[in-house]
Amino acid sequence: MAWVAAIVLIAEGLGIVFLNWFLGLVVDRQDMSLAGLDPRAMSVGAWVAGGLFGLYLAVCAVVLARSAVRDRAPGGFGRILLISAAVVHGLLGAFAIGLVGWLAFVFMMVVLALIVLTLVAYDRHENGPADGPAAPPAPPATSPEPTTP
């Protein structure tokens, strides 16, 4: 599951980078301005934001791939990073319904589910089965030898 989530996050990161690169080009070539902002600053801002968000998703994908290779849950920083990615995808999914449509919402929820499922599956794997067999009973205590007077 972690491999699938890592591949999806890499693809999503590349899509975000491409989308922001394209939007930056459109703003730059159209010479658009928003509330008097410099169009060049807006296009550079779009490129930087796309690059940073793509890098964030790539780091999340590396954490997931590392978890898949090691077959263990990520450590403290990796777990926090993946939880933040899950929260971001939940929020983006909520905004996507009104701004983009239901297809974008479904995609965001699938990515959210992959991240959460990876976190939960590895957590369960480390702690063992919840309803597994009980621990073997302790050996009976031996009583001391009686002393004779």
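Student: What should I know before I start?
Tutor: Residues are numbered from 1 along each chain as its sequence is written, and side-chain values use heavy atoms, with hydrogens and water left out. In this predicted model, local features need pLDDT of at least 70 and side-chain atom pairs count only at pLDDT 80 or more, while totals for chains, interfaces and linings use all residues.

Student: Which side chain meets aspartate 28 in a salt bridge?
Tutor: In general, side chains of opposite charge can pair when their charged atoms come close. A salt bridge here is a side-chain nitrogen of Lys or Arg within 4 Å of a carboxyl oxygen of Asp or Glu. At 3.3 Å, N to O, the partner of aspartate 28 is arginine 40.

Student: How many residues apart in sequence are the parts that this pair ties together?
Tutor: Helices are DSSP runs of H or I with at least four residues, numbered from the N terminus. Aspartate 28 lies in helix H1 (residues 2-30) and arginine 40 in helix H2 (residues 39-70), so the parts tied together are apart in sequence by 12 residues.

Student: Is serine 43 buried or exposed?
Tutor: Serine 43 lies in helix H2, and its side chain reaches the backbone oxygen of arginine 40 at 2.9 Å. Leaving aside neighbours within four places in sequence, serine 43 is in contact (heavy atoms within 4.5 Å) with Gly24, Val27 and Asp28. Relative accessible area is judged with a 1.4 Å probe and protein chains only: under 20% is buried, over 50% exposed, and in between partly exposed. With a value of 0%, serine 43 is buried.

Student: Where is phenylalanine 95 found, and is it buried or exposed?
Tutor: Phenylalanine 95 is found in helix H3 (residues 76-99). Its relative accessibility is 54%, so phenylalanine 95 counts as exposed.

How values were computed: Helices (H or I, at least four residues) and strands (E, at least two) are DSSP runs, numbered from the N terminus. A polar contact is a pair of N or O atoms within 3.5 Å; within protein, one must be able to donate a hydrogen and the other to accept it, and residues adjacent in sequence count only if both atoms are side-chain atoms.
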